Amino acid sequence: MQTHMKQNLWGYLFISPFIIGFLAFTIVPMIASLYFSFTSYNLFNPPEWIGFANYIEMFTSDPRYIQSLKVTFIYVLAGVPLQLVSALFVAMLLNTASRAVGLYRTVYYLPSLIGGSVAVAIMWRNIFGDEGIINLALQGLGLDPVRWFGNPTAALWMLIFLAIWQFGSSMLIFLAGLKSIPQSYYEAASVDGGSYFQKFFHITLPMLSPVILFNTVMQTIGTFMTFVPAYVISKGTGGPLDGTLLYSLYLFKQGFEFFHMGYASAMAWVILVVIAVITSLIFYSSKFWVHYESEGGR
Amino acid sequence: MRPKHIKKIIYHVFVSGLAVLLLYPVFWLIASSFKETGQIFATAGNLIPKPFTFENYAQGWQGMGNYGFDTYIMNTFVYVLLVLLGHLISCSLIAFGFARLKFTGRGIWFAIMIMTLMLPSEVLMIPQYIIFAQLDWLNSLKPLVVPAYFGHPFFIFLLVQFIRTIPRELDEAAIIDGCNTFGIFTKIILPLLVPALATTSIFTFYWTWSNLLGPVLYLNSPGNYTVSMALNMFLSNETVSNWGAMFAMSVVSLIPVFIIFFIFQRYVVEGISTSGLKG
Amino acid sequence: MKKSLLGLFGVIMMVLLAACGGEDGTENTSGDADNDTDGGTGGDITLRIAWWGDQSRNDYTLEVIEMFEEQNPHITIEAEYAGWDDYWQRLAPQAAANELPDIIQMDLSYISQYADNGQLADLEPFFGEQIDISDIAENTIEAGRINDGIYGFNLGSNVLSTHYNPEILAEIGIDEMPERYSWDEYQEMAELAANADYIFDTGMQSDVFFNLYLRQHDGRLYAEDGNGLGYEDDQLFVDFFTIIKEQVDSGATPSPDETAQYAGPEDSPVMKGEGVAVHQWSNQYVGIQEMNEDINFEIAPPPGEELEKGLFLKPSMYFSISENSDHKEAAAEFIDFWANDIEANKIILGERGVPVSSIVQEELSTEVDAAQAKVFEYVTWAEENSTPMGAPDPSGAGEIIELLGNLSEQIAYGEVTPEDAAAHFRTQAESILGN
């Protein structure tokens with residue numbers, strides 16, 4: 001028992017900054033927002049209790065809400081896997097001992113660096129514009145140009161491309177993960193005459209699985225929360241025809257443009273539950289595919 | 001030519017070709033920053049500025065009001081470095097706790113931590129703002145910097161995942177050598193965590209550098225503004241936006257981030273392999 | 001609720017801060033807040049003023065502030081400026097936390113929201129005291145009225161107008177823009193342009209021009225009391241949006257998927273000499289003239305036979321004083337200085353809209369550049385040829401504007417008929433405004 005107490009003490013000592021920060025800056029705002037979600041609150045006047053009205057309105061009489069859910073799910077389902085696969089692909093490509101590789105890494109990370117800037121919106125508009133390079137390329141291939149900003153489906157895909165293009169962060173984490181796989185494992189496999197693909201599936205993937213789990217969870221959460229690209233690219237409208245009305249964008253509009261902070265808070269708690277369910281499924285599944293070296297393969 | 005060389009050439013052609021494709025927008029941004037504002041849209045398809053002008057840089061660097069762009073860059077540096085320090089210290093401590101120590105309630109606290117990532121920050125904003133107002137922290141860096149010293153879930157989780165890939169035998173060896181828990185953290189885990197900490201630094205640097213919402217809310221005095229706020233002020237919703245200056249200063253503000261990445265990426269990939277760890 | 005929550009929280013915070021004070025050594029952040037409340041010594045006053053703007057507005061506004069401070073040594077003014085989006089993003093939490101600046105630059109679309117909820121001070125008590133309004137038209141002052149008080153001081157006037165390229169107008173066979181033309185005549189002109197492979201205009205912002213159309217037909221978009229729509233007959237909705245749709249169908253106006261492709265106003269066909277006109281607010285003339293100096297744009301009134309009924313002077317923006325300000329009188333003095341001081345206005349040069357004081361306007365007419373002078377001239381003409389604006393946009397207007405924008409988009413894409421849209425708009429709008 002003595003050691004048990006001691007372990008608890010050390011554990012809580014190490015995570016105490018998080019607990020203190022959580023109690024100081026996060027829990028009260030969280031409770032407040034949960035409370036707001038049951039109220040009509042316009043930011044200026046005291047909130048008024050209205051029970052579940054916000055939640056009911058969302059699912060019964062707000063077609064834009066349903067639209068934003070739909071758009072967000074497409075965005076997440078297409079964006080996360082595509083981005084992760086490209087990130088892993090590039091990370092593998094750059095995980096070599098070439099002298100130029102440091103430069104390559106930096107260069108491949110560049111798109112992620114300009115991603116959040118205001119410049120990206122106008123840049124993207126020019127690239128996907130009627131006379132932009134993308135449509136020129138399409139025409140060069142004998143295809144019809146696409147009205148990327150005028151067609152709701154095309155506009156959403158353009159946002160997905162933008163997300164994939166910024167694979168840099170996931171790539172970097174994959175790279176760090178790849179580098180921490182002991183070289184000796186590969187050497188041993190080579191001695192046994194393992195092919196490239198065998199090494200990939202039997203060494204790389206299992207050894208990388210904790211990092212894959214991390215990237216999957218974080219990208220899923222992050223993609224659900226995407227706000228800036230949708231905001232800047234649609235000039236804040238979520239258009240055309242609400243085709244890029246991502247969840248966070250609609251939530252922001254409700255809260256800060258229409259001053260329905262109660263409704264926005266309810267939206268936030270619904271998405272929290274949705275993301276929590278999805279994330280727990282991913283975590284649950286991780287028991288079957290994630291390999292922790294420190295825990296004897298579990 | 002030997003097949004090994006051919007393979008190498010194919011590799012470089014492919015990797016640099018893909019890079020050019022991905023970088024087209026970046027080239028576009030840089031090219032536009034040297035164009036006259038009137039030409040940016042008229043010659044959007046052309047990557048060579050004609051005429052070539054430094055005017056945008058001169059104009060943008062002047063900044064606005066009484067503050068030049070250098071002020072905004074300095075402000076941003078101070079802000080970023082304070083946050084970076086906070087993240088490195090707090091996140092590694094917390095991550096070690098979650099990854100290596102068994103204590104009652106570990107799972108619950110970890111779940112709570114991940115959960116805080118899932119609530120859209122927009123709805124936390126107002127209550128948080130009110131708290132900081134009560135503390136009299138408005139119009140200062142405190143609301144932006146102090147929370148960094150209490151960890152950031154993203155980086156904690158990242159570090160946890162990396163620590164879990166470090167074999168436990170190392171800890172046990174250290175215990176035999178007489179290390180206590182804190183000793184294991186500083187002597188065994190921290191050195192092996194360098195790649196993940198480098199990753200943390202890169203992300204923290206860039207995210208903080210480009211953070212807009214926090215500075216907008218908490219920095220009222222123009223003398224304290226950050227780069228991202230300044231960039232927005234080149235745009236106008238009523239008259240003509242100064243695109244040229246905005247692009248030029250976007251390029252300038254990318255340089256520090258670029259340099260930081262170039263320096264730190266080495267540690268991301270070299271950490272463990274040079275420390276001679278065998279699994 | 002908020003209060004007790006905060007109280008509880010305050011206690012927790014104090015404890016925690018005391019408990020972990022040693023842990024974070026970051027409190028001495030360099031650019032720390034100089035106490036932004038009062039300066040303290042004697043009768044000195046510190047005012048906070050906030051506005052949205054770009055580089056040039058920020059620069060000249062600071063100059064005006066310096067001038068004011070020189071003349072009023074006991075007042076120090078702290079400026080807090082930001083871009084449009086950032087500005088409103090910051091203002092909302094400031095209001096929620098009772099931390100609004102003393103002087104707030106306000107926009108027509110937000111003023112009711114802030115005034116209705118008691119965030120802004122009534123300016124009427126300052127008129128004739130700190131603020132001299134003897135040279136300002138009553139209509140202009142009244143444009144800041146919300147219910148029982150004046151909650152925003154009108155800084156300048158904008159009027160709806162059509163900015164056209166006379167060369168292309170001549171090319172499509174029209175020698176001169178008529179001063180008054182019906183919507184039918186507008187469509188006929190547009191067809192001439194379409195036949196000549198030009199576009200006539202780049203469309204009309206739905207809420208703004210639908211309101212114009214309604215005013216011309218004795219209605220307005222919002223009811224005067226702000227609790228509903230300001231027109232009875234849905235046929236007006238159908239008629240207006242049918243015109244808009246016909247324009248797109250005939251090719252006289254680009255389709256919405258095409259206009260969505262423009263990177264910015266710089267990118268529109270009219271700016272590239274491929275179209276005749278843009279319908280917009282008078283102050284935007286200076287911008288388009290600056291964008292392309294090869295075209296000499298002219299200003300004309302917008303379509304509609306009932307010109308006077310439709311036109312009104314729109315406040316370009318307001319200065320409001322926050323209700324929680326401790327120095328409302330000093331703030332009012334600054335507003336007076338802004339509106340009436342000739343030297344100050346020689347720096348402002350009508351950048352925030354044509355000055356409201358007739359004396360200032362006269363003094364400035366020789367100071368401004370050619371483009372600005374044209375705007376002045378048009379607004380002066382409109383003062384005689386317009387009707388009062390009526391109540392500013394009610395709370396909830398933002399949502400209505402977005403709803404109408406969405407519906408007009410859907411009509412243009414052929415997803416919904418104007419008739420269905422009209423009915424839908426009425427139900428939705430009434431429920432938004434009525435609540």
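# Reading a three-chain predicted model

Modeller: Start with a sheet in chain C. Four strands form an open sheet in the order 9-12-8-13, with mixed pairing. This is a predicted model: local features need pLDDT of at least 70, side-chain atom pairs count only at pLDDT 80 or more, and totals for chains, interfaces and linings use all residues. Residues are numbered from 1 along each chain as its sequence is written, while chains are lettered from A and ligands numbered from 1 in the order in which they are written.

Biologist: What counts as a strand, and what counts as pairing?

Modeller: Strands are DSSP runs of E, at least two residues, and helices are runs of H or I, at least four residues; both are numbered from the N terminus. Two strands pair if DSSP finds at least two bridges between them.

Biologist: Which strands of chain C are the edge strands?

Modeller: Strand 9 (199-201) and strand 13 (298-300) of chain C. Each pairs on one side only. From one strand to the next, the twist averages 25°. For such angles, axes are lines fitted to C-alpha atoms, for helices over the stretch in contact, and the angles run from 0 to 180 degrees between N-to-C directions.

Biologist: How many bridges join strand 9 to strand 12 of chain C?

Modeller: Two, and these strands run parallel. Strand 12 covers residues 275-281. Take one pair: Asp201(C) has Ala277(C) in strand 12 as its bridge partner.

Biologist: How many bridges join strand 1 to strand 2 of chain C?

Modeller: Eight bridges, again with parallel strands. Strand 1 is residues 45-52 of chain C. Ile49(C) stands opposite Ala79(C) of strand 2.

Biologist: Is strand 2 of chain C mostly covered or uncovered?

Modeller: First the rule. A residue is buried if 20 or more other C-beta atoms lie within 10 Å of its own, exposed if 12 or fewer, and partly exposed in between; the C-beta atoms are placed from the backbone. Strand 2 of chain C (75-82) is mostly covered, with six of its eight residues buried.

Biologist: How is chain C divided into domains?

Modeller: Domain bounds come from an automatic or database domain assignment. In chain C, domain 1 is 45-155 + 316-380, and domain 2 is 160-311 + 396-434. Their C-alpha centres lie 30 Å apart.

Biologist: How many residues does the contact take from each domain of chain C?

Modeller: Contact means that the C-beta atoms of two residues, placed from the backbone, lie within 7 Å. Ten residues come from domain 1 of chain C and ten from domain 2. On the domain 1 side, helix 4 (108-116) and helix 16 (370-384) each supply at least two residues. Helix 16 of chain C has the largest share, six residues.

Biologist: What residue classes make up that domain 1 side?

Modeller: Learn the classes first. Ala, Val, Leu, Ile, Met, Phe, Trp, Tyr, Cys and Pro count as nonpolar; Asp, Glu, Lys and Arg as charged; the others, Gly among them, as polar. The domain 1 side in chain C has four nonpolar, five polar and one charged.

Biologist: On to chain B. How many helices and strands does chain B have?

Modeller: Chain B has 14 helices and zero strands. Of its 279 residues, 55% count as buried.

Biologist: What does the radius of gyration say about chain B?

Modeller: The radius is taken over C-alpha atoms, and the globule rule is 2.2 Å times the number of residues to the power 0.38. For 279 residues, a compact globule would have a value near 19 Å, but chain B has 23 Å. Its C-alpha atoms fill a box of roughly 75 × 70 × 30 Å along the principal axes.

Biologist: Which domains are assigned in chain B?

Modeller: Domain 1 (1-53) and domain 2 (60-275). Their C-alpha centres are separated by 31 Å. Eight residues of domain 1 of chain B are in contact with seven of domain 2. Helix 1 (3-33) of chain B gives the largest share of the domain 1 side, four residues.

Biologist: And chain A: how many helices and strands?

Modeller: Chain A has 13 helices and two strands. Buried residues make up 50% of its 298 residues.

Biologist: How many residues are in contact between chain A and chain B?

Modeller: 79 residues of chain A are in contact with 81 residues of chain B. Helix 1 of chain A gives the most to the chain A side, with 19 residues. By class, that side divides into 53 nonpolar, 21 polar and five charged.
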